[in-house]
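Good morning, everyone. Please take a look at the structure on the screen, and I'll walk you through it.

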Amino acid sequence: LPIYQVGDYAEGGIVFYVDETGQNGLVAAMEDLGQFEWGCYGTSISGADGQVIGSGLQNTLDIVVGCSETPTAASEALAYESGGYSDWYLPSLDELIEMYNTIGNGGSEVNIAGFEISYLPYYWSSTEYDNNHARSIDSSDGSFGYDHKGSSDFRVRPIRSF
C-alpha cells in the first residue's frame, strides 16, 4: 500500500491529514464547489454537531437527512464527483482547521490548495453551532466562528477519506 504525506496529490485531491500508518487520511478537493447556504435556518439538525477529525461524513449525512432544502453546502458536497470518486462530504470544523494549517494559508507551503483568501474567504464546516448558526473558518487567517446558516456567501470545499 502507498504511504502518503501531507501535500501529496492523491486519492482525488490534496492530502491534508494522514494517520500514523501513512495509509489512511483525508484529502481536499482541488476546487471550491461555489457558494451556498448551510441551510435550514431556525432548525436544529440532530447529530450534526461533531467537531473532531473524522466526524465530517456523519455530520454531512445528518444534515442531508435533517434538512430537505437544496442546494445546501452539505447536499452539494455529497453530490460532488471528481477524480473518479463520488464519496465526498463537507468537512467538520476540526477537519477544516487542519486543512488551513497544512494545505491552506497557515501551511508551510502557503495555500497550495488554492483556497480563496481575499474576496469573501469564508468556508462552511459541517459542524452545527445552534438552530441558526453553523461553524465556519476564514481561510485568510484561520480564524473560526459561527455564522448565520442562511448566508450564501460561504464557500464549499469537499473532502473525502482514504
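Start with a term: a disulfide is a pair of cysteine sulfur atoms within 2.5 Å. This structure holds one. Its partners are Cys40 and Cys67, with sulfur atoms 2.0 Å apart. Cys40 sits in the loop between β3 (25–28) and α1 (56–66), and Cys67 in the loop between α1 and α2 (73–79), so the pair ties together parts 27 residues apart in sequence. The torsion about the S-S bond is about 95°, so the disulfide is right-handed.

A quick note on the basis. This is a predicted model: local features need pLDDT of at least 70, side-chain atom pairs count only at pLDDT 80 or more, and totals for chains, interfaces and linings use all residues. Residues are numbered from 1 along each chain as its sequence is written, and side-chain values use heavy atoms, leaving out hydrogens and water.

Are the two cysteines buried or exposed? Buried means under 20% relative accessible area, exposed over 50%, partly exposed in between (1.4 Å probe, protein chains only). Cys40 is buried at 8%. Cys67 is buried too, at 4%. Across the protein, buried residues make up 47% of the 162.

Now the fold. Helices (H or I, at least four residues) and strands (E, at least two) are DSSP runs, numbered from the N terminus. The protein has three helices and seven strands. From the N terminus, the order is β-β-β-α-α-α-β-β-β-β.

Last, the extent. The C-alpha trace spans about 45 × 30 × 25 Å along its principal axes.
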